[in-house]
Structures are given as structure tokens and as C-alpha cells.
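Open your viewer and get ready to click along with me. We will go stop by stop, selecting a few residues at a time and looking at what sits around them.

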Amino acid sequence: MIEAADPEIRSDFAVTEEKIKAAGLPATILARHNQAVADYVAEFAKLLGNFKAIEQLETARKGAVASGNSVAAQANRDQLLQRILETKIHLSEKVKKTPHTPLDPNKLPHRTPKVIKRAPRLNKEEFTEFQNPVQLAFNGDPSTLLLVQANPDLPTPQDLAETIEVKFTQEIQDLAASLENNPVKIYNWVRNNIEFVPTYGSIQGASMCLQTKKCNDMDTASLLIALLRTSGISARYAVGTVEIPIDQAMNWVGGFTDVPSGLSFITSGGTPLISLNSGGKTVAAKIEHIWVEAYIDYIPSRGAVHNQGDTWVPMDASFKQYTYTEGVDLQTAVPFDAQAFFDEINATGTIDEAQSSATGLSQELIKSKLDARTLQLETFFTANMPNATVADVLGSKTIVPETFGFVPSALPYKLVVNGGNFSEVSDALRHKVRFRITGDVGVTSLTHEVTVPELAGKRITLGYLAATPEDQQVIDANSGVTGLPAYLINLVPILRLEGTEIARGGSVGMGKTEQFLMDFTVPGPAGGVDVVQNLVTAGAYYAIGLDPQKISSAQLDDLQARMELLKTQMANDPTFIPDSDEVIGQLLHVTVMGYFAELDNYQAVLGSLAKVLHLKPSTSAGIASVDLDVSLLFGVPFEASTSGGMILDVDRIIIAPLSITGETNNAISFVRGSGFLASALEFAVFEQLWKSSNIKGISSTKALELANQLNMPIYRITQQNIAQVLPLLTVPQAVEDDIVNGINAGKEVTIPQGEVSLGQWSGVGYIVEDPQTGAAAYLISGGLAGGATVDKNGLLIGVSNNLIGEVFEKTAGEGFGLFFAGLNWVVGLKTILITPNLSVFERAFLSLLPSFELALSIWVLLFSSFTVGAAIAIGVIAAVIVGLAFKIVLTNFSASTAIFDLFRKLFRYAMRTQEPIDLAQRAGIQTQKIRLVDTLHAKSIHPRAPPKFLAASFT
């Protein structure tokens with residue numbers, strides 16, 4: 001078989017050489033080709049020699065056995081095993097497996113933070129990282145009742161300057177102008193419109209805080225300072241330790257009725273805190289806190305009229321009280337017996353306690369029960385609350401407004417110690433991300449560090465360009481073909497922010513795999529550096545999405561505006577050809593940010609049902625990508641094409657959940673439920689975005705649902721049963737490694753017996769979970785860690801290799817159809833998720849509510865005294881319920897097919913051709929060009945996965 005493949009491969013090399021010469025490509029390119037041919041010939045000869053030697057030794061061994069010569073037979077056997085080992089080593093070095101980032105079971109992607117508690121500082125000298133090196137120290141006595149006093153501590157130019165956090169954006173300037181640039185009105189507005197979140201450090205900055213309106217003390221201070229400074233009023237940060245009565249503190253941070261939970265909620269966000277007790281009760285909390293000092297015209301109007309500043313005045317717009325309203329107690333209003341529901345579903349399948357597995361649970365019955373629950377709730381709301389809003393159902397939180405006619409003379413709590421003031425946030429207090437790319441030998445090719453406030457809401461992309469003019473010539477010479485000769489092309493990675501290059505890496509061969517690392521620096525007591533690793537392919541295209549707090553309606557407005565602008569440019573100027581970052585970069589950016597927008601809202605709904613509040617003490621992160629399909633020849637990228645699908649990998653979601661009533665199981669159930677929702681969205685986001693194109697997605701929860709449909713056993717693997725269950729699985733070795741590493745670290749694994757298929761995707765979906773917290777990794781095999789589209793060819797509907805990876809410096813056309821489907825999707829997101837007053841949101845929400853309610857009940861059951869087999873059954877039921885919930889979601893998102901027809905002519909301009917693209921022909925060519933040749937018997941390399949020698953050619 002190998003000998004039969006060799007002439008074809010050599011023929012393909014010969015055709016390539018003719019093309020190189022005919023196109024007049026540089027001598028360096030021909031030299032690369034000749035070297036590739038020489039390497040292939042040498043590797044093939046070595047492999048063929050090993051195979052022939054194995055055959056000869058096996059023949060000799062059999063002959064010795066037949067003749068009764070045991071000594072010769074043993075010698076031949078020893079030589080045979082040695083040659084097989086050498087061949088195995090050769091193949092493992094040269095025949096690359098699908099890239100797979102090993103799971104770190106101690107750092108699961110969807111997890112809770114490690115809370116490190118620290119008492120607040122009680123001496124001014126301890127606030128070293130806050131000290132302002134430019135200004136004089138405040139000379140007043142912080143123990144006085146009035147903090148306000150005229151003093152020689154005069155403002156400096158830095159107190160009016162823009163900084164990383166304090167930007168005078170148009171929105172900031174417009175808001176300040178609408179408030180007449182008056183310090184009292186500015187203070188009132190920020191205090192009465194920004195919801196406090198007890199996290200630590202600079203995460204969002206002023207601009208993003210204004211968009212999300214959910215900010216910690218430092219980000220709220222940044223917004224207040226920005227509005228004051230753009231109004232010409234000097235302002236700075238102040239820091240210290242304050243004492244707050246416990247009732248006010250519990251109301252401030254979320255309406256906790258359980259004091260220990262409320263205090264833990266504050267510390268889980270990284271804020272230093274101690275409680276004060278009296279008579280066996282907690283009476284107050286001391287916390288480190290940030291506020292603002294403004295140099296206003298205090299005498300005599302106390303800021304009501306501002307002409308010339310004369311006094312530094314403290315302003316804390318983050319501290320306030322809230323009014324909380326209770327939602328509907330659904331369990332009381334419309335009772336639901338979760339145990340009976342579970343027992344009935346459980347009876348439809350097979351629960352094997354000995355092997356800790358569940359098989360064949362009836363999804364039809366689950367759906368019928370879900371439909372019945374939906375009808376029950378609809379009947380209840382129709383009869384009792386026909387005009388119910390989401391707030392009526394879930395409950396609400398409203399700031400208790402205060403409208404001051406002047407700036408208060410003191411802070412609204414007891415000041416324990418004034419730690420100083422500063423004009424700009426210290427770098428040590430900023431959340432930061434450092435992007436790095438390293439090659440296969442560990443050499444760093446690219447590095448760039450930036451603060452999260454500078455990145456929040458912005459488009460961050462990673463693409464590849466030709467490394468040299470000679471590489472570009474190869475690309476141009478192959479314009480329009482399905483696959484590119486990857487071994488002839490070198491690329492360089494380009495990191496962009498809003499389309500502008502911010503970092504460039506070193507040269508790498510097209511199709512090669514590199515490590516893309518994101519180092520998240522978190523300040524404060526619980527801080528440190530958290531490294532997220534992803535594998536990237538040279539020539540593919542990536543968008544990095546960050547969610548520091550939530551995705552706001554303003555961000556979706558911005559996405560819509562950008563896409564509308566591009567649409568208008570294309571419609572009005574047929575010669576206009578946008579670059580790749582405007583199209584693919586924007587499309588990927590919309591995908592990952594839309595994912596976070598939905599997840600933020602679903603987590604809020606789930607939290608309301610569970611009576612659980614959660615924080616994001618650090619930035620969530622995900623990557624959306626258009627993959628490159630790479631064929632390897634002896635481990636070297638031989639051909640690359642754009643028939644790869646799209647991938648979404650959200651591998652950093654850190655949430656700190658606390659039950660407002662102190663129910664520990666509810667908090668764990670929330671984490672688990674949030675993880676299921678996050679995993680389900682990793683497939684649903686593609687199906688929503690391109691509903692009209694009927695594109696399907698896959699994720700771990702969907703793969704579990706498919707396995708259940710196929711009556712495939714689904715196991716819950718623990719330290720107690722791994723020895724019995726692992727041999728029953730037929731999964732890739734990399735997945736086995738993840739299982740073993742997870743179990744050794746005290747985690748539990750949910751996994752079907754083998755692989756499932758959907759469209760062109762085949763693989764296994766599995767969950768590695770911490771049973772103590774609900775933290776988990778939701779994984780799919782094949783080098784992926786989240787979700788993906790299942791159909792490759794035609795995914796981008798005609799986006800040729802002239803687009804992917806930006807290697808080709810041109811923009812292909814009909815992929816814009818999906819781009820504008822994405823535009824419709826953004827509008828749908830805004831309507832359904834962000835605008836709660838519209839009836840369409842009410843309908844969408846109420847249709848989802850039964851799914852969330854049932855799943856939450858199931859998750860609560862999971863953390864009671866169930867056996868392992870029953871627990872996995874509950875997990876399967878929950879996965880099915882979540883899948884059904886997202887099928888409901890999909891009915892609320894539509895992308896008009898008319899958009900494709902409207903822009904079809906313009907697409908052809910972008911392709912520089914008047915001819916339509918024959919997708920079927922492309923798919924056929926691609927299928928013909930891949931040939932697999934089995935080289936060794938399966939058991940000689942791996943008990944379940946025979947090694948493959950992948951030979952591919954390009955025409």
C-alpha cells in the first residue's frame with residue numbers, strides 16, 4: 001500500500017515544481033520545494049526500510065518456529081520487537097496526532113476562585129501601592145468629623161489629565177455636558193445610576209463602566225473622575241479602610257439575609273475585610289475601599305455653583321442602598337416534584353450502579369414533561385399575572401436614589417484610616433493581559449502586555465501575513481485554488497486591536513502549530529498570574545473576546561453600527577473591498593461577544609431562580625476562530641485549505657457564587673448549571689448566528705445528548721471505579737490522559753463509552769468536574785476544548801483561501817452573506833436579551849423559564865445523597881433539558897435568507913470574478929485529495945487507535 005502511494009506523491013511534487021517554474025517564483029521557493037522533496041524521499045525510504053525489515057524478521061521468526069529452532073526464533077523475535085519499537089518512535093516523531101492541549105485538572109476553565117482572605121490595612125503607611133509620588137500628602141486629621149477643609153494641598157496637572165482608566169470619550173463628554181458640568185449633578189448621576197459590584201482593582205475603566213453600569217469602587221471612581229475632569233474639575237482617587245454597619249453592608253452588596261454568605265461574597269471578589277462582633281452578633285464590617293476627592297467651589301455654595309475650586313471634597317458614588325423585591329416563588333405557586341420527575345425519567349433507561357453508568361434515558365419523555373411544565377406556568381401567569389414583567393417573576397434590585405442639592409461634607413460611613421490619594425491608578429492595581437506566542441521549541445515569537453480597561457469591548461484578533469515578498473508571490477501564484485502548498489509558505493502572526501497592529505511575531509511555516517498564551521494578571525490579595533494556553537495554526541484566524549463584567553447593550557449597539565456601516569459601504573461603492581479583519585475579524589468578534597452577552601443574561605436568570613449572587617473577580621475570555629484544514633506529510637504541513645470549520649473555545653470563566661440565604665448546595669448547583677449553559681451555548685451560538693443556513697454546532701453537552709439518543713452508556717468515572725470503567729471506553733489516547741489526570745487530581749469525569757458523529761464531526765464530549773464546587777471543563781475531542789461547527793466544506797459559503805488567515809491580502813465574497821446574517825443576529829440579541837421591557841423578551845424569557853427551573857431542580861438533586869449511577873443519570877437529564885432550552889432559544893433568532901440574494905452581486909466584486917463559486921466541486925476535490933494509508937497493525941502502537949500515515953497532495 002505504501003509503495004502504491006509513493007508514485008502519486010512524487011507526481012504531485014513534480015506538478016508543483018512545474019508550477020513554481022512556470023510562475024517564475026524566486027529561487028528560494030524552488031529551494032524550499034527541493035528540500036521538501038529530499039526530506040520526503042529520506043523519510044519514506046526509512047519507513048519503507050523498517051516495514052521490509054519487520055516483514056523479513058517476522059518471516060524468519062515463523063520459519064525458525066516451524067523448524068523447531070527456538071534459539072533462532074527468540075533472537076528473531078527480539079530483533080522484531082526492537083525494529084517495531086524503532087518504527088513506532090519514527091512514526092510518533094513524524095506522524096503528528098491532532099493537536100491537543102492537555103487538561104490541567106487543578107485549573108478548570110469554568111471554575112470558582114481560590115479565595116485568599118486578608119484583613120484591611122489599619123495604618124496609612126501600609127497603603128504603599130496607592131501612594132501618589134507627585135502630590136503632597138494630605139495634611140488634615142482623618143479623625144475629624146468633617147473631612148472637608150481648605151488646605152495647601154493644591155491640584156496638579158495630573159488631576160485633570162486623561163489616563164488609561166480616565167478617557168474623555170464622546171459619551172463621557174456628552175454626559176458631562178448634559179449634567180451642565182456641575183459637580184453636584186455629576187455626583188448624583190453616578191451615585192444613582194451605577195450598580196456596585198464588590199470586586200478589586202481596575203477592570204473596566206470609566207468608558208466601560210458607563211456602558212455596563214455595573215462597577216466596583218475603583219471603576220466607579222474612574223467614571224466619576226472622568227466626568228469631573230472633562231468638566232474642568234480637578235479630581236483624584238482616595239483610598240482607606242472604612243467601617244460599615246452590617247445591615248447596610250449586606251444590602252449594599254446584594255441583599256444577603258445570611259451574613260456569613262454576604263461577607264464571603266465580598267472577600268471572594270478580592271476585597272480585604274474583617275467583621276466586627278458584639279454580643280455574639282456581627283455588627284459591622286471593616287473593608288478597604290476607594291472613593292474620589294474633587295477640588296470644587298465649596299465655599300460658599302458647597303459645589304451647587306462651580307466657578308473656581310477651593311477645597312478637596314470626598315465623594316463616594318459607589319456606596320448606596322437598594323430596594324429589593326421578591327419574585328414569584330414558583331415552587332409554592334405551581335408545585336413541582338423534582339424527585340418524582342427524576343424517578344419517572346430514570347425508569348425509562350438503564351442505571352448500572354456497578355459500572356456507574358446510565359443508558360437510554362427517554363428524551364421524548366423529558367420533552368413532554370418540559371412541555372407540561374411550560375403549560376402549567378403559562379396557565380398560572382395568564383390567570384394570576386397576565387401583565388407580568390421579568391422583574392415581577394424574578395424579583396428586582398433598584399438603587400434607592402438620593403438627589404443632593406450640594407456635595408455632602410463627609411463620607412457616608414465611618415472612616416477608619418485614610419490611606420492617601422493618587423491621580424492615576426498604579427499599574428500594580430490594574431487587571432492586565434499579556435499575549436504570547438511560542439513555537440514548538442518553546443521560543444517566544446510574540447509578546448504584548450496591555451491592561452484590561454484598554455481592551456474591554458474592543459476587537460482583538462490574531463491573523464497571519466506572508467513573512468516575505470517571496471512568500472506573498474507563492475500565495476498570489478495560487479490564488480483561487482482550493483489548497484495552498486503550505487510547505488512553501490512562511491507566515492508571521494499579527495496581533496491587532498480594532499484592526500491596528502499592536503504586535504508581530506516571528507516567521508513560521510504555514511499550517512504549523514504554535515502555542516498562544518494569555519497571562520491574566522489579577523491584583524490584590526487573591527491576585528497573581530493565571531496562564532491560559534491554546535494551540536493556534538499558522539494561517540488560521542482568531543478573535544479573542546474578553547468579558548470583564550458583562551456585555552452591555554452599548555457594545556451590541558456598537559457591533560450593529562459597525563456592521564451596518566460596512567453594509568452601506570458595500571452597497572454604495574462596488575469597488576470597495578474591506579480587509580479581512582473588517583470581515584472575518586468582525587464576524588469572529590461578534591460570535592464570541594454574542595456568546596458572552598447571552599451567557600451573562602442566562603446566568604442572571606439562573607441565579608435569580610437559585611437565589612444565588614455571583615461575581616466575576618477576573619476577566620472571562622474566549623477565542624472564536626476560522627480553522628485551517630492542514631494535510632501533513634511525515635509530520636510536515638503539506639497542504640492547507642480553508643475548508644476547516646469554526647471553533648469557539650471559552651476557557652476562562654471564573655465566578656464566585658454565594659447563596660443569599662446561605663444554602664451551600666444552591667451555590668454549587670448554580671456553578672454546575674452555569675457550566676452546562678456555557679457548554680450548550682458553545683454549539684448554540686453558531687446555530688443562532690447562521691440559523692438560515694442550517695449550520696449545526698457541537699459541544700460537550702450536545703455530544704452527551706447525542707450519545708444518550710444512541711443508547712450509548714454514559715459513565716461517571718471516580719477514583720473508586722476508574723480501573724473498571726476505563727477499559728470499557730473507546731476514546732482517543734489524549735482523552736484517556738485527561739481522564740486519568742483528572743481522576744488523580746480528585747475530579748470526576750462524565751463521558752460516553754465512545755465517539756458520536758454529527759455532520760462531518762466525529763468525536764467524544766466529556767466533562768471533568770470538581771464534585772465539591774461544581775467547577776468543570778466541558779470538552780470535545782479533536783484538539784478542541786469548547787464548541788465547533790460540524791460541517792466544514794461550504795461553512796463560509798464561498799469564503800475562499802483568499803481570505804482566511806489574511807495571508808492572501810484579498811477578501812472573498814459570499815462569506816459576507818454570513819457576515820450580514822451576523823448583523824441580524826446582533827439585532828436579535830439586543831431585542832431578546834438586552835431590552836427587557838419588550839414583550840418579545842417576556843415571551844422568550846417565559847418560554848425558557850421552565851427549562852431553567854427543571855434543570856436547577858435536577859442540579860440541586862445531584863448534590864444530595866445520590867449514588868454515582870443516579871448522579872450520572874441526573875447529569876444526562878440536565879444536559880438534555882439544557883439542550884431543549886436552547887432549541888427554544890433558536891426559535892427566537894432568525895437571519896433572513898434575503899440578505900444573501902441582496903448582496904450576491906457585490907460578493908462577486910469582492911471575489912474579482914463574475915463567476916459563481918461551485919461549492920460542490922470544491923468539496924469533491926478536497927475529498928479526493930486526502931488519502932490515508934495504514935502502516936502498522938493497531939496493537940503494535942495503541943490498543944485502540946492504529947497509527948496513520950497521512951499522504952496528501954495538491955493539484
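**Stop 1: a space inside**

Start with the lining of the second largest cavity in this predicted model. Its residues divide into 10 nonpolar, 4 polar and 2 charged. In total, 16 residues line this cavity. To find the middle, select Y200, D217, T271, E288 and H289, which lie nearest the centre. Two elements, α7 (217–230) and β6 (281–296), each give two or more residues to the lining. Which of the elements gives the most? Colour β6, which supplies 4 residues. The space in this second largest cavity is about 150 Å³, and the count of cavities of 30 Å³ or more comes to 8.

**Stop 2: a cis peptide bond**

Now select I299 and P300 and look at the peptide bond that runs from one to the other. This bond is cis, with omega near 15 degrees. P300 itself belongs to the loop between β6 and β7.

**Stop 3**

Next, show the side chains of F319 and Y413. How far apart are the centres of their rings? The distance is 5.4 Å, and the planes stand at 90 degrees, so this pair counts as edge-to-face. F319 is in the loop between β7 (311–315) and β8 (322–326), while Y413 is in the loop between β11 (395–399) and β12 (414–422), so the pair ties together parts that are 94 residues apart in sequence. Are these two residues buried or exposed? F319 has a relative accessibility of 6% and is therefore buried; Y413, at 10%, counts as buried too. The cut-off for buried is under 20%.

The model has 21 aromatic pairs by this count. For a group of rings, select F13, Y40, F44, Y487, F634 and F638, which form one aromatic cluster.

**Stop 3: charges over rings**

Select R121 together with F127. The charged end of R121 sits over the ring of F127, 4.7 Å from the ring's centre. Then move to R652 and F520: here R652 lies over the face of F520, at 4.3 Å from the ring centre.

**Stop 5**

Pick V768 in strand β34, which covers residues 765–769. V768 has a relative accessible area of 0%, so this residue is buried. Leaving aside residues up to four places away in sequence, V768 touches several others, including L103, L108, G742, V749 and L779. K747 is another of its contacts; the C-alpha atoms of V768 and K747 are separated by 6.5 Å, although the two are 21 residues apart along the chain.

Then jump to Q603, found in helix α17 (residues 580–610). Q603 has a relative accessibility of 1%, so it counts as buried. With residues up to four places away in sequence not counted, Q603 touches H110, H614, K616, I653, I655, F670 and S674.

**Stop 4**

Select E180, in the loop between α4 (170–178) and α5 (183–193).

Methods:
Residues numbered from 1 in each chain as written. Predicted model: local features only at pLDDT ≥ 70, side-chain atom pairs only at ≥ 80, totals over all residues. Heavy atoms only, no water. 1 Å grid on protein atoms, 1.4 Å probe; cavity = no way out; pocket = protein on both sides within 12 Å on 5 of 7 lines; lining within 4 Å. Points joined across faces, edges and corners; volume = space filled by probe spheres on them. Nonpolar A, V, L, I, M, F, W, Y, C, P; charged D, E, K, R; others polar. Buried < 20%, exposed > 50% of the residue type's maximum accessible area, 1.4 Å probe, protein only. Contact = heavy atoms within 4.5 Å. Phe/Tyr/Trp six-rings, centres within 6.5 Å; stacked < 30°, edge-to-face > 60°. Lys NZ or Arg CZ within 6 Å of the ring centre and 35° of its normal.
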